[in-house]
Amino acid sequence: MGQDWTQLERALFDPAGHPGRVAVAEAVRELMRAVATTTAATDDELGEVAGRLRQITAGIVAGDRCVRYPLPTGPFSGRVLGSGDPVFGMFNPVAGPLVVTIEPDGTAAGVLTPSPLFEGPGGAVHGGYTAFLVDAVMGTLLRALGISALTGTLSVRYLALTPLARPLHLSAWVESTDGRKVTAAARITVDGRPTVTATGLFIAAAGPAQG
Ligand SMILES: CCCCCCCC(=O)SCCNC(=O)CCNC(=O)[C@H](O)C(C)(C)COP(=O)(O)OP(=O)(O)OC[C@H]1O[C@@H](n2cnc3c(N)ncnc32)[C@H](O)[C@@H]1OP(=O)(O)O
């Protein structure tokens with residue numbers, strides 16, 4: 001398959017070239033986790049923290065959109081690193097970030113341990129979050145295969161609760177192609193047990209690829 005992602009990464013987006021941006025996103029991720037989970041701090045202490053945080057934020061000039069380097073349209077294989085997007089983005093504090101590898105056989109695989117911020121019912125991962133992950137992995141796989149497409153219909157089957165604080169193994173592959181309609185499938189496995197399976201009907205762009 002086409003070029004190796006690492007070559008593209010060097011040409012288009014190398015996180016090593018943005019150490020400050022990557023570091024601040026990581027620090028904010030840690031902050032969000034601490035804020036959402038602390039049981040030690042008092043309300044007064046947290047109020048004081050909020051004031052200090054607002055001062056920091058006031059010192060950063062915000063834009064309207066996340067800073068991002070668009071993922072190139074494939075074919076490419078290897079490790080995919082994201083910049084501004086909410087699943088893969090190393091610049092985006094909301095992102096895991098999930099790192100996905102596009103295998104030479106045209107499948108995708110990645111691992112992510114979800115943050116407690118995405119807790120849903122039963123002390124498990126929120127189902128909307130796992131849907132978000134499988135959609136992104138399928139969409140990115142298609143992009144890596146050279147197909148610029150949007151999700152038309154996403155179908156998710158929750159087989160069992162997906163535990164928090166355990167590595168989620170994500171995989172995706174293409175099931176079939178029918179003109180502009182591409183059906184992809186994905187799975188989340190935890191400790192060797194599938195907890196989520198998904199099918200995505202993606203509609204490929206009629207025109208040139210979008211960034
Ligand atoms: C790089 C990082 C990757 C991350 C991936 C993340 C994936 C995403 O989140 S994508 C965002 C979510 N998706 C969207 O917002 C899509 C919004 N919808 C749209 O833009 C359009 O409806 C779109 C593009 C899906 C289809 O529109 P359009 O290109 O006009 O398709 P259209 O010509 O009507 O139909 C083409 C074929 O697809 C089928 N189709 C169209 N829409 C759908 C749909 N939603 N579901 C199933 N099939 C559909 C049609 O029936 C038609 O089939 P046939 O050829 O057999 O008649």
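His-169 stands opposite Thr-189 in β7. The model is predicted: local features need pLDDT of at least 70, side-chain atom pairs count only at pLDDT 80 or more, and totals for chains, interfaces and linings use all residues. Residues are numbered from 1 along each chain as its sequence is written.

Strand β6 (residues 168-178) is joined to strand β7 (residues 181-190) by nine bridges, and the two run antiparallel. They form a hairpin with two residues between them, and Gly-179 in the turn has a positive phi of about 60°. β6 also pairs with strand β4 (residues 108-112) in the antiparallel sense over five bridges, with Gly-110 opposite Leu-170. Strands (E, at least two residues) and helices (H or I, at least four) are DSSP runs numbered from the N terminus; two strands pair if DSSP finds at least two bridges between them.

Leu-170 is also among the residues with the most contacts inside the largest nonpolar core, which has 36 residues. Such a core is a set of buried Ala, Val, Leu, Ile, Met, Phe, Trp, Tyr and Cys residues joined through C-beta atoms within 7 Å; buried means that 20 or more other C-beta atoms, placed from the backbone, lie within 10 Å of a residue's own. α4 gives the most to this core, with eight residues.

Definitions and conventions: A residue is buried if 20 or more other C-beta atoms lie within 10 Å of its own, exposed if 12 or fewer, and partly exposed in between; C-beta atoms are placed from the backbone.
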